[in-house]
Amino acid sequence: MKLLVTGGCGFIGTNFIRAHLREKPEDFIVNIDLLTYAGNPENLRDVESQPNYLFVHGDIADATLIDELFRTHRFDAVVNFAAESHVDRSIETPHVFLRTNVLGTQTLLDAARRHGIQRFVQISTDEVYGSLGPTGAFKETTPLAPRSPYSASKAAADHLALAYYHTYKLPVLITRCSNNYGPYQYPEKLLPLSIINVLHDREIPVYGDGMQRREWLHVSDHCRGIELVLEKGREGEVYNIGGVNERPNIEVLKLLLEILNKPTSLLCHVEDRPGHDRRYAIDSTKIRTELGWEPLVSFEEGLASTVRWYLENRSWWERIISGEFRNYYERMYGNRKKLS
Ligand code: NAD
Ligand code: TYD
């Protein structure tokens with residue numbers, strides 16, 4: 001199989017490409033990535049020399065380049081990870097999110113339609129469903145109700161992808177996963193940011209009361225789910241992927257401090273994120289029963305191995321935090337009001 005993977009130099013794309021090339025060395029992967037602040041070509045340095053891997057530096061919203069790529073490579077399938085992915089940044093600059101997440105996806109869908117692709121897997125998120133009350137969980141049939149510019153742009157992309165399935169019979173499949181964690185995650189996200197702050201004996205910024213709930217899934221379990229959908233999923237269908245591991249942020253952070261043997265006095269409640277979604281929980285019965293997926297990594301085990309990865313790969317994140325990230329951190333946290 002010849003695969004176009006987009007955004008492969010980001011967190012999940014990197015983990016997906018590494019696992020796919022390991023499991024299916026007979027496949028060929030072209031990875032197109034714009035190398036925004038979140039894209040890091042170092043993540044895949046060791047696979048660059050493999051004859052079944054090609055990196056293309058480019059923008060998924062560049063229709064000419066995308067058309068050229070499809071014409072040259074005659075892909076069998078597309079897995080679209082490329083996105084602006086951070087909620088806090090979407091509050092600062094929504095237009096960048098619309099350009100990549102919506103127009104970029106539409107550009108890929110158009111090219112896939114013109115060039116007769118067999119599978120188009122759109123990587124989406126549980127955040128498109130909005131915020132849950134204290135009970136219940138998102139099903140694939142739950143109406144979309146996004147509340148941040150990020151989730152609104154991902155919901156728009158999902159609607160477009162399904163529109164291409166219904167209108168043009170493009171073989172689209174959508175995955176909607178809960179919060180991922182694991183190696184190669186950019187330090188703007190809660191877990192790597194907290195790990196790195198703690199390693200510097202800096203406080204962890206806890207938004208609001210810290211009682212927002214997320215369902216954490218190890219990135220390797222997400223990638224196995226995507227593989228199953230790519231291989232065996234039904235066209236035009238959405239598959240939720242989640243780990244039955246719902247926890248309040250504050251509990252996640254206390255577990256992290258325990259692993260790192262640091263005091264809870266490092267937890268610092270700060271002004272909340274505007275429009276902060278209170279709770280996500282996902283019902284993944286469909287992918288479990290139809291495709292036989294199940295998560296393999298427990299949260300305790302996965303968090304401990306993720307901490308080890310950040311300890312063993314200091315130079316990876318030290319380079320990041322000395323670059324663009326410094327300005328971001330200062331902007332985001334420098335003047336944030338402390339609540340405790
Ligand atoms: P990330 O921010 O780490 O990586 C995104 C990658 O996309 C980067 O390499 C970036 O350079 C690239 N990119 C951005 N704009 C591009 C463009 N216009 N053209 C080409 N490449 C571009 O994101 P991630 O956490 O790896 O998320 C990947 C996908 O999974 C996203 O679509 C996201 O919405 C979805 N998702 C993420 C999570 C999570 O917890 N991280 C959970 C569910 C779904
Ligand atoms: P994040 O990793 O940004 O993922 P998402 O917003 O997509 O769920 O945040 C996870 C949770 O942690 C979310 O409820 C926001 C919260 N959070 C903090 O409390 N402090 C932080 O510094 C960050 C980045 C997030």
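1. Two strands count as paired if DSSP finds at least two bridges between them; strands are DSSP runs of E with at least two residues, and helices runs of H or I with at least four, both numbered from the N terminus. By that rule Ile-29 stands opposite Tyr-53 in strand 3. Strand 2 (residues 28–33) pairs with strand 3 in the parallel sense over five bridges.

2. This is a predicted model, in which local features need pLDDT of at least 70 and side-chain atom pairs count only at pLDDT 80 or more. Residues are numbered from 1 along each chain as its sequence is written, and ligands are numbered from 1 in the order in which they are written.

3. The open sheet has seven strands in the order 3-2-1-4-5-6-10, with parallel pairing. Strand 3 (53–57) and strand 10 (238–241) stand at the edges with a single partner strand each, so one side of each has no neighbour in the sheet.

4. Around ligand 1 there are 28 residues (a heavy atom within 4 Å); the closest are Ile-12, Asp-33, Ser-85, Tyr-150 and Lys-154. Strand 5 gives the most to this shell, with three residues.

5. A polar backbone atom of Ile-60 is 3.0 Å from a nitrogen atom of ligand 1, and a backbone N or O atom of Asn-180 lies 2.9 Å from an oxygen atom of ligand 1. The protein covers 97% of the 840 Å² of accessible area that ligand 1 has on its own (Shrake-Rupley method, 1.4 Å probe).

Methods
Heavy atoms only, no water. Polar contact = N/O pair within 3.5 Å; in protein donor to acceptor, adjacent residues only side chain to side chain.
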